[in-house]
Amino acid sequence: MTTCGGLSAVIVGVVGKSLVLVASEDQFAEFVAGALPRLLRFGYVLTGDVASAEDLVQTALGRSLRAWRLRRIDDPQAFVKRVMVNSYATWYRSHLRWEVVIPEPLNSLTHENHAERIDERDVVWRALSKLPSRQRAVIVLRYYEDLSEHDIADVMGISVGTVKSQSARALRRLADVLAPIEVTRRGD
Amino acid sequence: MSDLEDRIRAALNDPRREIPVWPDPMPRIRRVARRQTLKLVLTSAIVAVVAVIGVAAFVKSLPAAGNGSPGLSGGPSPKATRPATSGVDGLPAVGAPGYPAAIYPPAVRPRPAGAGAVTACPAPIGLVRPPSSARATAIALIDLWETGDRAAALRAADRAIWPVIALRTYRAPKPRPTTEPILYAGPLKAAHRNFGVPNPSAWISSSCGAATAERSYLVVTGSQNEPALQGDWVFADRAGHLLLYFRY
């Protein structure tokens, strides 16, 4: 057993002159136990839907486990998030969403007054759910993960220019969606 | 825009939006990983099977190596027939639209006694003695060979000579037919040659059988004084369709 890149790894063999390091599945389980809340939350902000988020996380973790069995992954959390973002961008692109379900926050059920539940954050959340998957992914990586445009381009496998254009379109669209709501509220 | 960005950050980091963590995630993840592996294996297997079938079909469509006449059947018997050239060089397969199998059956391999003089023979099935009016039709078919396009040449020929047509280059049709004189037009067996020019009747008989030779029609073109430049065109009549099948 040796330590490499913050992860303990098992030397399983020698190929040519290089050591083959493969982390054990127990270590993957440890990683999942620690990272799961954050991954589920990331899936939720990415998809905007609890069931889709759980599907996305388990799909990404399944792929990551298969990759984990074959080779060492230096930054497993980044790896899983990358798989999630790309799965989301491709999967949701190929599935027409006939009905957009905009869920209430799980914790909001404790509020008795309906008007109190519809606060500013819910309005923006609903507006985010109307974005195309790619634009939403860019917004989530930018404002939830606080990644730079360069890092977003790296995660999504697209150019920095595409990140900029997708981001600008998304913000413009959000501004368009939120503007009438603001007017209505001021009118009230 | 910064106000909008702040609102987006607040919405995305809304602490009320949390998902309950799975109590024991690993069995679930292992199950998903197994399903993904199975899907990958099945997809790979299907792709491999499709690829093997495609390669096998391609190899099957290639001419058989080692014999002079690609894809011919084993002998002049009509039972032992196989597509002579189907799928090769874009030639129509047996039974392809416009080429009924009754008129364009697969060619057959010539008998060894022919010693290579004829590379393929017309299937004996459906062959009849050409009528007396065959002369005009045969001359028209020769003109078609010289001036027509590839499709027209295929329709005017038996599959025995299709490989030759496949090798010919058909450009724009020539403006006028051949003006070579017709030296002979009649039954193959009745033709007599002088000046030492080989008589194709003997070749056809030994290669394709006496019955086929009996039912063949010969047209000889060229100059009487230049036997080496004369052309022999041998036809067979199958169900009323005169078809060129040998040219020398």
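This is a predicted model: local features need pLDDT of at least 70, side-chain atom pairs count only at pLDDT 80 or more; totals for chains, interfaces and linings use all residues.
**Exercise 1. The build of chain A**

Describe chain A by its elements, its burial and its contacts.

*Solution.* 
- Step 1. Count the elements: 8 helices and 3 strands.
- Step 2. Order them. From the N terminus, chain A reads β-β-β-α-α-α-α-α-α-α-α.
- Step 3. Turn to burial. Chain A has 188 residues, and 44% of them count as buried.
- Step 4. Look at sequence separation. Take contacts in chain A between residues at least 6 apart in sequence; 61% of these join residues at least 24 apart.
- Step 5. Finish with the surface. Chain A exposes about 9700 Å², with 53% supplied by carbon and sulfur atoms.

**Exercise 2. An enclosed helix**

Why is α6(A) described as largely enclosed by the rest of the structure?

*Solution.* 
- Step 1. Use the cut-off for buried: under 20% relative accessible area.
- Step 2. Count. In α6(A), 9 of the 11 residues are buried, so the helix is largely enclosed by the rest of the structure.
- Step 3. Name some of them. The buried residues of α6(A) include A:S133, A:Q135, A:R136, A:I139 and A:Y143.

**Exercise 3. The interface of chains A and B**

Work out how many residues of each chain are in contact, how much area is buried, and which elements of chain A take part.

*Solution.* 
- Step 1. Count residues. Chain A brings 47 residues into contact with 30 residues of chain B.
- Step 2. Pick the area term. Interface size is often given as the accessible area lost when the parts come together.
- Step 3. Read off the area. The two chains, A and B, bury about 3600 Å² between them, 63% of it on carbon and sulfur atoms.
- Step 4. Find the main contributors on one side. In chain A, A:R41, A:R121 and A:Y143 lose the most area to chain B, together 20% of what that side buries.
- Step 5. Count polar links. There are 15 residue pairs in polar contact between chain A and chain B.
- Step 6. Assign elements. In chain A, α1 (25-47), α2 (50-70), α5 (120-129), α6 (133-143) and α8 (160-187) each supply at least two residues of the side that touches chain B.
- Step 7. α2(A) gives the most, with 12 residues.
- Step 8. The chain A side divides into 27 nonpolar, 5 polar and 15 charged residues.

**Exercise 4. Salt bridges between and within chains**

How many salt bridges does the search find over all chains? Inspect four of them.

*Solution.* 
- Step 1. The whole structure has 15 salt bridges. Across the interface of chain A and chain B there are 7.
- Step 2. Take one between the chains. B:R17 pairs with A:D122, their closest N and O atoms being 3.2 Å apart.
- Step 3. Take one in chain A. The side chains of A:K81 and A:E145 meet at 2.9 Å, N to O. A:K81 is in helix α3 (residues 76-94) and A:E145 in the loop between α6 and α7, 64 residues apart. Both A:K81 and A:E145 are buried.
- Step 4. Take a local one in chain B. B:D3 and B:R7 form a salt bridge at 3.8 Å, N to O. They are separated by about one helical turn, because they lie 4 residues apart in helix α1 (residues 2-12) of chain B. B:R7 has 15% relative accessibility, so it counts as buried.
- Step 5. Take a distant pair in chain B. B:E214 bridges to B:R129, with closest N and O atoms 3.3 Å apart. B:E214 is in helix α7 (residues 210-214) and B:R129 in the loop between β1 (127-128) and α3 (134-147), 85 residues apart. B:E214 is partly exposed at 32%, whereas B:R129 is exposed at 56%.
- Step 6. Look for shared partners. A:R121, A:D122, B:D14, B:R16 and B:R17 are joined into one network by salt bridges that share partners.

Technical notes. Residues are numbered from 1 along each chain as its sequence is written. Chains are lettered from A and ligands numbered from 1 in the order in which they are written. Side-chain values use heavy atoms; hydrogens and water are left out. Contact means heavy atoms within 4.5 Å. Buried area is the accessible area (1.4 Å probe) that two parts lose on being put together, summed over both. A salt bridge is a side-chain nitrogen of Lys or Arg within 4 Å of a carboxyl oxygen of Asp or Glu. A polar contact is a pair of N or O atoms within 3.5 Å; within protein, one must be able to donate a hydrogen and the other to accept it, and residues adjacent in sequence count only if both atoms are side-chain atoms. Ala, Val, Leu, Ile, Met, Phe, Trp, Tyr, Cys and Pro count as nonpolar, Asp, Glu, Lys and Arg as charged, and the others, Gly among them, as polar. Buried means under 20% relative accessible area, exposed over 50%, partly exposed in between (1.4 Å probe, protein chains only). Accessible areas come from the Shrake-Rupley method with a 1.4 Å probe; for residues, only the protein chains shown count as cover.
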